[in-house]
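Hi there,

Here is the structure I promised to pass on to you. Have a look at it first, and then read on for what turned up around its ligand.

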Amino acid sequence: MQIDLHTHSTASDGRLAPSELVNRAALAGVEMLALTDHDGTDGLDEARTSADELGIRFINGIELSVTWNKRTVHIVGLNFDPDYAPLKAGIQVLQTFRHTRAKEIALKLEKSGIEGAYEGARRFSGGKMLGRMHFANFLVDSGYEKNVRNVFKHYLVNNKPGHVTDEWATLDDAVSWITGAGGVAVIAHPARYKLTRTKLRKLIKDFISAGGQAMEVVSGSHNVNEMKTMACHAADFDLYASMGSDFHDPDFPWIKLGRLVELPPKCKPVWDLF
Ligand code: AMP
Ligand code: MN
Ligand code: MN
Ligand code: MN
């Protein structure tokens, strides 16, 4: 069975509208799909309506931004009630921070001679969740770089002109918003943080203390070795294992929707909890 539990739509920094994403998933043969937009749930209703029409099992999802030990980590929430008030309040705080940060990013870019980045990024976000990807889209569109990867590398990461220090949710808060809403919290793409083994295990321990139950083992941003390593960590800590592409855009050929390998045999599938 093809399962994809980590995807993005225009409700955050994905390229496809929720219904377009679900259609593409159906064409790829996906039978169970979660939409996990950054810090928001606005795409879920549209996606669920399309999934119901196409006979895909749809799982409510979100990808929450967290600051843990001065680093940004992402916590995916799956199968929760989006109307849970503390989750909605948390999302509101994150969205407000995104707008403040966007203004700071634009100010910094202006100092390096790039005008109008706030309005430009907002044009790409369509007035919805505002993220670094929208700045990247604007800078590519304005001819500063040839692709978004280069924009991140040259402008939007640590020690580059448009970088702003992030202050996201705490790990405890993010996990409790998800579990309080009846959902499962999942550490997103754990290999992407480039943590030492000791630090990664500290993250996992803190996550479990907060009430987290799962981690992504199969991810569009994990190579085969990383999947094996993450399967071992999941087994060591008795965590459930998730799989998701982190699909954003049909024009990013390195990440495909609904084309993932199976979970390694010793993993406990997170969907056993749904
Ligand atoms: P934000 O949450 O607004 O800080 O943006 C994070 C998002 O930016 C990630 O989810 C990716 O979609 C995108 N992103 C981060 N780093 C890169 C990169 N090096 N190349 C392309 N996209 C990136
Ligand atoms: Mn993204
Ligand atoms: Mn992420
Ligand atoms: Mn993601």
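A residue counts as near a molecule if one of its heavy atoms lies within 4 Å of it. Please keep in mind that this is a predicted model.

Which residues are around ligand 1? They are Asp 13, His 38, Arg 98, Arg 101, Gly 131, Arg 132, Met 133, Arg 149, Phe 152 and His 248. Sorted by class, this shell holds five charged, three polar and two nonpolar residues.

Some polar side-chain atoms come up to oxygen atoms of the ligand. For Arg 132 the distance to an oxygen atom of ligand 1 is 2.7 Å. His 38 has a polar side-chain atom 2.9 Å from a ligand oxygen, and for His 248 the value is 2.9 Å. On its own, ligand 1 exposes 500 Å², and the protein buries 80% of that.

Where does ligand 1 sit? Its place is the largest pocket. Two or more shell residues come from each of the helices α3 (85-111), α5 (132-141) and α6 (148-156). Domain 1 (3-91 + 167-273) and domain 2 (99-156) each give at least three residues to the shell.

Enjoy exploring!

Key
Residues are numbered from 1 along each chain as its sequence is written. Chains are lettered from A and ligands numbered from 1 in the order in which they are written. This is a predicted model: local features need pLDDT of at least 70, side-chain atom pairs count only at pLDDT 80 or more; totals for chains, interfaces and linings use all residues. Side-chain values use heavy atoms; hydrogens and water are left out. A polar contact is a pair of N or O atoms within 3.5 Å; within protein, one must be able to donate a hydrogen and the other to accept it, and residues adjacent in sequence count only if both atoms are side-chain atoms. Accessible areas come from the Shrake-Rupley method with a 1.4 Å probe; for residues, only the protein chains shown count as cover. On a 1 Å grid over the protein atoms alone, a cavity is a set of points where a 1.4 Å probe fits but cannot get out, and a pocket is an open set with protein on both sides within 12 Å along at least five of seven lines; lining residues have an atom within 4 Å of a point. A molecule sits in a cavity or pocket if more than half of its atoms lie within 2 Å of its grid points. Helices (H or I, at least four residues) and strands (E, at least two) are DSSP runs, numbered from the N terminus. Ala, Val, Leu, Ile, Met, Phe, Trp, Tyr, Cys and Pro count as nonpolar, Asp, Glu, Lys and Arg as charged, and the others, Gly among them, as polar. Domain bounds come from an automatic or database domain assignment.
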